[in-house]
Amino acid sequence: MSIEKYDLVVLGSGPAGFSAAMRAIDFNKSVCLIEANHLGGAGIMNGALTSKAMWELSRDFSIASSVMRGYRASGLNVDYKKVQQTVIQAAKQKQLQMLSQIETYSKTAEKCGNITLKYGWGKFIDSHTVEIISKDKTEQIKGDNFIIATGSRPRPLPDVEIDNERIIDSEGIIKLKEFPERMIIIGSGIIGCEYATIFSNYSQTEVHLLDRQHKVIPYEDDDLSNFVSKNLESNGVTIHHTANLRTIRKRPDFLEVVLDYQDGHSTVLEVDVAIVAIGRMPNLDNIGLENVGISTTNRGFLDINEVCATDNFQSCNIFAAGDVSGHAQLYSVAELQGRYIVEALYGNLEYPLDYSNMSTLMFFKPEVAAVGLNEKACRKKGIPYKVAIYSNSLVNRAVAMRATDGFVKIIVSDDGKDRILGMRAAGPQASTLITSIAYQITQKGTLKDIRQNVHPHPSISEGIQECLRVFEGKSIYKPKAFPDLIKLDTWKPES
Ligand SMILES: Cc1cc2nc3c(=O)[nH]c(=O)nc-3n(C[C@H](O)[C@H](O)[C@H](O)COP(=O)(O)OP(=O)(O)OC[C@H]3O[C@@H](n4cnc5c(N)ncnc54)[C@H](O)[C@@H]3O)c2cc1C
Ligand SMILES: NC(=O)c1ccc[n+]([C@@H]2O[C@H](COP(=O)([O-])OP(=O)(O)OC[C@H]3O[C@@H](n4cnc5c(N)ncnc54)[C@H](O)[C@@H]3O)[C@@H](O)[C@H]2O)c1
């Protein structure tokens, strides 16, 4: 049997692989997309989409349960199985859209600009050949160019075995049979805090969150981290700050968790489920990197250049995109890189890859969004800056929504140019607000560039407008009158 040959072979159908494959269709290329497990990867199943579906449902439930709004729902109850079915429905809907498009462009339908989906484990044999190992067969295919988009998986905790029943990671959440009565989440990064928010929103589970430092989402500034902690606690989460996990003992009816605190004392907790969420590691084992002479960095990721090639662009035909690349593990970064590679290969690059404007959305209560530099990053880089904070308490739309818990925090350079360096937003619609500042970062915008833009009333984005006016002493409400709600500060490196 003759060996199949493709213009482009993509390992992994997550956001990086799928977007690359679809962009290659635009250039009339023949593409083979290889997927070892679920179509869509962590972007759809067990990750971005499922967790967001669960967050949305839990938020609706939490709003319905609230009693402060002049109405009160009675007889409210929730069934984990039904929640689970709805979440799976959302993921399936997305997978079916992906499949429909793949079928539309499948090899039989089109002579060029076609895609072939093959399920199995992709492994390099040499720099032009990949072996696909599935349950029924092993086959080899050839390609001119390759993209490694094999994503990431939860990082294991030494000495803690994931049994997928009582001790799980983010992939096990969808498989739980019911709301646990008591749970501990180990790791207070984005995944840990998102699931702590989700389960506490449902009020069916006693939620403990282990934070081995004294800051949840430790890479963010203290004000944001404290804001998230405070809100998790008021939503019913018990945060164990400065605690290290010593052990989890499996008893017949519960888990016994021993925590050691930095001050020397220890605590024993009984829980029903433990979720391990301590970061994610790249899927690069056993994909034949040694057969194509590619090594990994000290952190275990692939070393890619400005066009995501694993070597010099002129001589290299193996590229990498998404979570394997060592850049921020975000859906949007994965898609951006996947598409960029294809444009570098078959089209004209209009602009360089820019990661400085990539926003991170965090689905807490309320939602939080981040783009560009925070104060910590500016200080680390020695960049003099000005920072203004404007509370949602003064924003009419937030007042009308009765949802004033939140703020906008904008950082600009203190070098006479007032360049927009970053923003953090917390509160309703924060995920939508962030894009306007991300755009300014892309355009290298300054305060002067954006102050002409009038924000509509009543909108949450008026908080951005007022925050920007604070820098120039022109805000309608003044820091002197509301020192807790409006703040302005500066920092410069010690000379
Ligand atoms: C719980 C959770 C919530 C998240 N929420 C968000 C969010 O709200 N916003 C956001 O921006 N990001 C979020 N992320 C991160 C986002 O999902 C990832 O950054 C993104 O999915 C990475 O895309 P990828 O294509 O690199 O890899 P993945 O999505 O991991 O896909 C890789 C695919 O490759 C397949 N594969 C692996 N090895 C092989 C092989 N040898 N052969 C063939 N196929 C292979 C895998 O089965 C998988 O399907 C979340 C992640 C998790 C876990
Ligand atoms: N909304 C989003 O954009 C979103 C949502 C979920 C995940 N993600 C992506 O997925 C990635 C992984 O998320 P994550 O939350 O697993 O990782 P993370 O890097 O955000 O956080 C890991 C946390 O675990 C802690 N930790 C590490 N080792 C530990 C240990 N041994 N014991 C206790 N705590 C420990 C760290 O201090 C940190 O707080 C993130 O980097 C993010 O980019 C994004």
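UniProt positions are given in the numbering used here, with feature names shortened, and such annotations may be inferred rather than shown by experiment. With that in mind, the "active site" annotation, which comes from an unreviewed UniProt entry, covers H457. The model is predicted, so local features need pLDDT of at least 70 and side-chain atom pairs count only at pLDDT 80 or more, while totals for chains, interfaces and linings use all residues. Residues are numbered from 1 along each chain as its sequence is written, and side-chain values use heavy atoms, with hydrogens and water left out.

**Domains**
- The protein chain is divided into domain 1 (5-53 + 81-153 + 281-346), domain 2 (167-278) and domain 3 (366-491), with bounds that come from an automatic or database domain assignment.
- Taken over C-alpha atoms, the centres of domain 1 and domain 3 are 37 Å apart.

**The annotated residue**
- H457 counts as exposed because its relative accessibility is 52%, where exposed means over 50%, buried under 20% and partly exposed in between, with a 1.4 Å probe and protein chains only.
- Leaving aside residues up to four places away in sequence, H457 touches N396 and E462, a contact being heavy atoms within 4.5 Å.

**Ligand 1**
- Of the 35 residues around ligand 1, those that come nearest are E35, A42, K52, D323 and Y331, where a residue is near if one of its heavy atoms lies within 4 Å.
- An oxygen atom of ligand 1 lies 2.8 Å from an N or O atom in the side chain of D323.
- Taken alone, ligand 1 exposes 1,000 Å², of which the protein buries 92%, with accessible areas from the Shrake-Rupley method and a 1.4 Å probe.

Key
Chains are lettered from A and ligands numbered from 1 in the order in which they are written. A polar contact is a pair of N or O atoms within 3.5 Å; within protein, one must be able to donate a hydrogen and the other to accept it, and residues adjacent in sequence count only if both atoms are side-chain atoms.
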